[in-house]
Amino acid sequence: MKPQSLFGVLLIAIGIIAFAYQGFTYKTREKAVDIGPIQITTDKTHSVPLPPIVGAMLLVSGLVLLVTGGKR
């Protein structure tokens with residue numbers, strides 16, 4: 001399989017995953033209280049949304065690479 005076609009298939013797969021999940025979340029640990037030897041931490045959740053246009057762009061670019069990679 002040519003590298004261009006392989007990269008196209010990879011972009012298509014990432015585009016489908018981006019459509020399915022619509023974003024991701026992660027947690028960070030932050031200090032809430034710091035009084036001498038006493039420390040209290042909290043977990044804070046952050047979310048990063050992925051707009052559907054990102055998944056569409058990945059999907060279309062993967063299809064273009066797949067089609068143009070097969071013609072050569």
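What is the accessible surface of the protein chain, and what share of it belongs to carbon and sulfur atoms? The surface comes to about 5600 Å², and 70% of it belongs to carbon and sulfur atoms, with areas taken from the Shrake-Rupley method with a 1.4 Å probe and, for residues, only the protein chains shown counting as cover.

## Basis and confidence

This is a predicted model, in which local features need pLDDT of at least 70 and side-chain atom pairs count only at pLDDT 80 or more, while totals for chains, interfaces and linings use all residues. Residues are numbered from 1 along each chain as its sequence is written, and side-chain values use heavy atoms, with hydrogens and water left out.

The mean pLDDT (the predictor's confidence in each residue, from 0 to 100) of the protein chain is 89, and 94% of its residues reach 70 or more. Confidence is highest in strand 2 (residues 38–49), at a mean of 93, and lowest in helix 2 (residues 52–71), at 88.

## Fold and overall dimensions

The protein chain holds two helices and two strands, arranged along the sequence in the pattern α-β-β-α; helices (H or I, at least four residues) and strands (E, at least two) are DSSP runs, numbered from the N terminus.

The radius of gyration, taken over C-alpha atoms, is compared with a globule rule of 2.2 Å times the number of residues to the power 0.38: the protein chain has 21 Å, whereas a compact globule of 72 residues would have a value near 11 Å. Along the principal axes, the C-alpha atoms fill a box of roughly 70 × 25 × 10 Å. Of the 72 residues, 14% are buried, where buried means under 20% relative accessible area, exposed over 50%, and partly exposed in between (1.4 Å probe, protein chains only).

## The hairpin and its salt bridges

Strand 1 (residues 23–35) pairs with strand 2 in the antiparallel sense over 12 bridges, pairing being assigned if DSSP finds at least two bridges between two strands. Lys 27 has Thr 45 in strand 2 as its bridge partner. Two residues lie between the strands of this hairpin, in which Gly 36 takes a positive phi near 60°.

The structure holds two salt bridges, each defined by a side-chain nitrogen of Lys or Arg within 4 Å of a carboxyl oxygen of Asp or Glu. In one of them, the side chains of Arg 29 and Asp 43 meet at 3.1 Å, N to O; because Arg 29 lies in strand 1 and Asp 43 in strand 2, this pair ties together parts that are 14 residues apart in sequence. Arg 29 counts as exposed, at 63% relative accessibility. Lys 31 forms a salt bridge with Asp 34, with the closest N and O atoms 3.9 Å apart; Lys 31 is exposed at 56% relative accessibility, while Asp 34 is partly exposed, with a relative accessible area of 47%.
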